[in-house]
Amino acid sequence: MFSVLVAYFLLLVSDATVVLDVNTTVGESTVLPCNLAVPATIGLRNLRFSWQDERKYVLYSFNRGRERPEYVNGLYRGRVTAFPRDMIVGNISVTLQNITLEDNQKVFQAYAAVLDSGGTGGYILPLREICQITLHVAVAYERINLAVNEDTRTAVCTHRGFPKPLLTWRLQNLSDPQHFLDARDVHTTAVQDPQDHLYSIRSTADISGGPYRSIICLIHNPTLNVTLNTTHILNKGGAERSLPGRTAVLILAAVVLNLS
Ligand SMILES: *[C@@H]1O[C@H](CO)[C@@H](O)[C@H](O)[C@H]1NC(C)=O
Ligand SMILES: *[C@@H]1O[C@H](CO)[C@@H](O)[C@H](O)[C@H]1NC(C)=O
Ligand SMILES: *[C@@H]1O[C@H](CO)[C@@H](O)[C@H](O)[C@H]1NC(C)=O
Ligand SMILES: *[C@@H]1O[C@H](CO)[C@@H](O)[C@H](O)[C@H]1NC(C)=O
Ligand SMILES: *[C@@H]1O[C@H](CO)[C@@H](O)[C@H](O)[C@H]1NC(C)=O
Ligand SMILES: *[C@@H]1O[C@H](CO)[C@@H](O)[C@H](O)[C@H]1NC(C)=O
């Protein structure tokens, strides 16, 4: 499954270095994009480039037509591939595979030089930093749990995710279903698991206003820029539980997992 959720976000372009953010998901592969501005196609025998992280550990090294795996740090061995067919037009992108949370917030730098094809030992492009990419890694969503107690008029929403999810509540007006209100009296806590680094978020909301048709818990992942929601259809309309003429119908919680 190659459903990589990648976002290339241009932050700053200077003469010296292109600075980018790349957002991706644990377990995926992602391209670290980088292009040399070269006037024409270049001979691979004249190209030198390498990628390293902020600790100077080498991901990939290419010198005058040959890959140099002996320079690659064990952290990246077998995880990085380049594109020799694209290199001749100055595309020195590489693919990083098997992304883990250990890769989150790493800063990858690409350095390159193009030698003069005349064999003079001179440079068309002297060695310099071409690209700097900050990698943001998220964990794909797990389910949201939403439990509602209509007698105590409270709703509890829980979720585990990375990075720290942003949780919001919406209450749907019973008589005006197009209209949503923010829940009042919300208490949200987030605790990070030291083992797997996931955040456990738990939020309680007061649903004593109303009457409401449903309550929705929304979870936003800032790295993937995706919002997931779960809806609970309120059986008794929240506060107005004893409205005359309304039959207590058991409505099962409609759980809508939005993965789009
Ligand atoms: C990458 O992940 C695949 C599938 O999970 C696995 O088979 C492979 O050994 C991993 N490669 C590396 C270098 O970690
Ligand atoms: C560079 O090559 C990679 C791998 O083929 C490709 O994904 C990317 O679009 C290329 N970039 C440009 C600007 O051509
Ligand atoms: C729900 O909508 C109705 C009709 O627009 C409005 O009168 C009522 O105040 C709304 N209820 C809440 C709790 O906002
Ligand atoms: C990428 O992730 C970072 C960190 O969570 C976030 O600030 C940024 O907005 C994300 N970029 C996009 C395009 O979603
Ligand atoms: C997140 O996605 C929304 C649309 O779903 C878009 O309007 C917004 O610009 C995106 N944010 C970032 C940081 O890319
Ligand atoms: C919840 O997700 C559904 C399914 O994608 C979407 O249609 C709906 O607009 C979302 N609700 C809110 C309040 O964002």
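Strand 4 and strand 5 (residues 58-63) run antiparallel to one another and pair over 5 bridges; strands here are DSSP runs of E with at least two residues, numbered from the N terminus, and two of them count as paired if DSSP finds at least two bridges between them. The model is a predicted one, in which local features need pLDDT of at least 70 and side-chain atom pairs count only at pLDDT 80 or more, while totals for chains, interfaces and linings use all residues. Residues are numbered from 1 along each chain as its sequence is written, chains are lettered from A and ligands numbered from 1 in the order in which they are written, and side-chain values use heavy atoms, with hydrogens and water left out.

The two strands make a hairpin with 5 residues between them, and Lys-56 in the turn has a positive phi of about 70°. Strand 4 (residues 47-52) also pairs with strand 9 (residues 107-115), again in the antiparallel sense, over 6 bridges. Ser-50 shows both pairings: its bridge partner in strand 5 is Ser-61, and in strand 9 it stands opposite Tyr-111. As for cover, 5 of the 6 residues of strand 4 are buried (under 20% relative accessible area, with a 1.4 Å probe and protein chains only).

Further along, an open sheet of 4 strands has the order 14-13-17-18, with antiparallel pairing. Strand 14 (180-181) and strand 18 (226-233) sit at the edges with a single partner strand each, so one side of each has no neighbour in the sheet. Strand 13 (residues 166-173) and strand 17 (residues 212-221) pair over 8 bridges, and Trp-169 has Cys-217 in strand 17 as its bridge partner.

Asp-206 belongs to strand 16 (residues 199-206) and is buried, at a relative accessible area of 17%. Its side chain makes a polar contact of 2.8 Å with that of Ser-208 (N or O atoms within 3.5 Å; within protein, one able to donate a hydrogen and the other to accept it, and residues adjacent in sequence count only if both atoms are side-chain atoms). Beyond its neighbours within four places in sequence, Asp-206 is in contact (heavy atoms within 4.5 Å) with Arg-153, Leu-171, Ala-183, Arg-184 and Asp-185.

Then there is ligand 2, with Asn-35, Phe-83, Asp-86, Asn-91 and Ser-93 around it (a heavy atom within 4 Å). An oxygen atom of the ligand is 2.4 Å from a side-chain N or O atom of Asn-91, and one is 2.7 Å from such an atom of Asp-86.

Key
Buried < 20%, exposed > 50% of the residue type's maximum accessible area, 1.4 Å probe, protein only.
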